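User: I'd like to go through a structure with you. Can we start with charged pairs and then move on?

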Amino acid sequence: MVRFLAQSDYLREVQRTFGGSGHIDFMELLIRMLSVVLPMVAVYVLWRYRLLIQLVAGRWVARLFRRRKRRAVENYLVSKGVVIEVCMFSGGGVGRKLCDARVSSVTGGRMQLQLLNVRPAFSNLKHQPVICFVRPFAYSGKRINAFTTLVAHVSKRGVVLKGLSLFTPVRYRFILRRRHSRQRVTHEGAIRVKAWSARKARTFWLFRPDMQTVNNPARYDSRTRLAVDNISAGGLRLFIVNPKGGLPPLDTGSQLVLRVSIWNPKTRKYSFFTALGIVRSRFSGRGGAIGLGIQFMAEGVKKGNRYTWRTVHGEIPSLAQFLDGMGG
């Protein structure tokens, strides 16, 4: 009480110093402070939890108009033991894969998952958007193969997922998973690739490639080489055959400089481009090979004796045009 009175007297003296008179109305001061703070807090909360608020509002509307259909699809996922592929999701498209899982139950607006083939999770996943893919099936004349939702609960030990549950989505739908069609490479040599670690992005042309394809694989025996499986305007899928030490970082999220040359049977010449790619997926291939799914992030443009990197959004335009001309 004594401290409060001392503070009050101090504030009164300050008020008098600047020409004020009378006593300070603490209720008025508090109301003025709250009139500024509360709107700021409200705006922050609405922005911070905007996706969750949209999901809750959308589910409330869906319960009114599509409750029966949504429940039927959820029962199908649980009863059939359907395996879903859970990936990060954003407006820019499908991100890294988190795990495969089965929906063990749907209660209280949440999907409880039985985790399979779990991959490391380095970031905070709670309330993050995900997209889940399933093998396509039909219901009421409509195809379904995916749904988007938010993570409801997650438990981890280090970077290893131990438990995961999702909010039930607003609707189930058919989503074209990939924007670009992939052209499969029928024989080695049709596409040649040289790869460097992204640490050498500014001077990569001064160094030997860290990995590359070869013209005659039969002569390479057990030596490390690259083999391209397919390519699209947005990325490529390749294998590192006979991987050994000295390779650049290849974990999901790692980046590589790629010099890609594609054989054009119409001109009987190779057309090439340089790109900066990010490893979106890593998997095992035959005979111990390492498989990589790589998305193009930037295109290298040569200016004088240097390369500059121009960010691309979804595809490399020159490659898309080339593949379209090839019937891709």
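User: Where do glutamate 74 and arginine 71 lie?
Analyst: Both are in helix H4, three residues apart, which is about one turn of the helix. Helices (H or I, at least four residues) and strands (E, at least two) are DSSP runs, numbered from the N terminus. This is a predicted model, where local features need pLDDT of at least 70, side-chain atom pairs count only at pLDDT 80 or more, and totals for chains, interfaces and linings use all residues. Residues are numbered from 1 along each chain as its sequence is written, and side-chain values use heavy atoms, with hydrogens and water left out.

User: How do the side chains of glutamate 74 and arginine 71 meet?
Analyst: In a salt bridge, at 3.5 Å from N to O. The term means a side-chain nitrogen of Lys or Arg within 4 Å of a carboxyl oxygen of Asp or Glu.

User: Is glutamate 74 buried or exposed?
Analyst: Glutamate 74 counts as buried because its relative accessibility is 5%. Buried means under 20% relative accessible area, exposed over 50%, and partly exposed in between (1.4 Å probe, protein chains only). Arginine 71, at 40%, counts as partly exposed.

User: Which residues of H4 are buried?
Analyst: Arg70, Val73, Glu74 and Leu77. They sit on the same side of H4, because they cover an arc of only 100° around the axis. That arc is taken from the directions from the helix axis to the C-beta atoms.

User: And which exposed residues are on the face turned away from that side?
Analyst: That face of H4 carries Arg68 and Ser79.

User: How many salt bridges are there?
Analyst: The count comes to six. One of them joins the side chains of lysine 200 and aspartate 210, at 2.9 Å from N to O. Both residues lie in the loop between E8 and E9, so the pair ties together parts that are ten residues apart in sequence.

User: What about proline 209, where is that?
Analyst: Proline 209 is in the loop between strand E8 (191-197) and strand E9 (211-212). Leaving aside neighbours within four places in sequence, proline 209 is in contact (heavy atoms within 4.5 Å) with Lys194, Ala195 and Trp196. The C-alpha atoms of proline 209 and tryptophan 196 are separated by 5.3 Å, though the two are 13 residues apart along the chain.

User: Changing topic: is lysine 97 buried or exposed?
Analyst: Lysine 97 is buried, with a relative accessible area of 17%. Its place is in strand E2 (residues 93-107).
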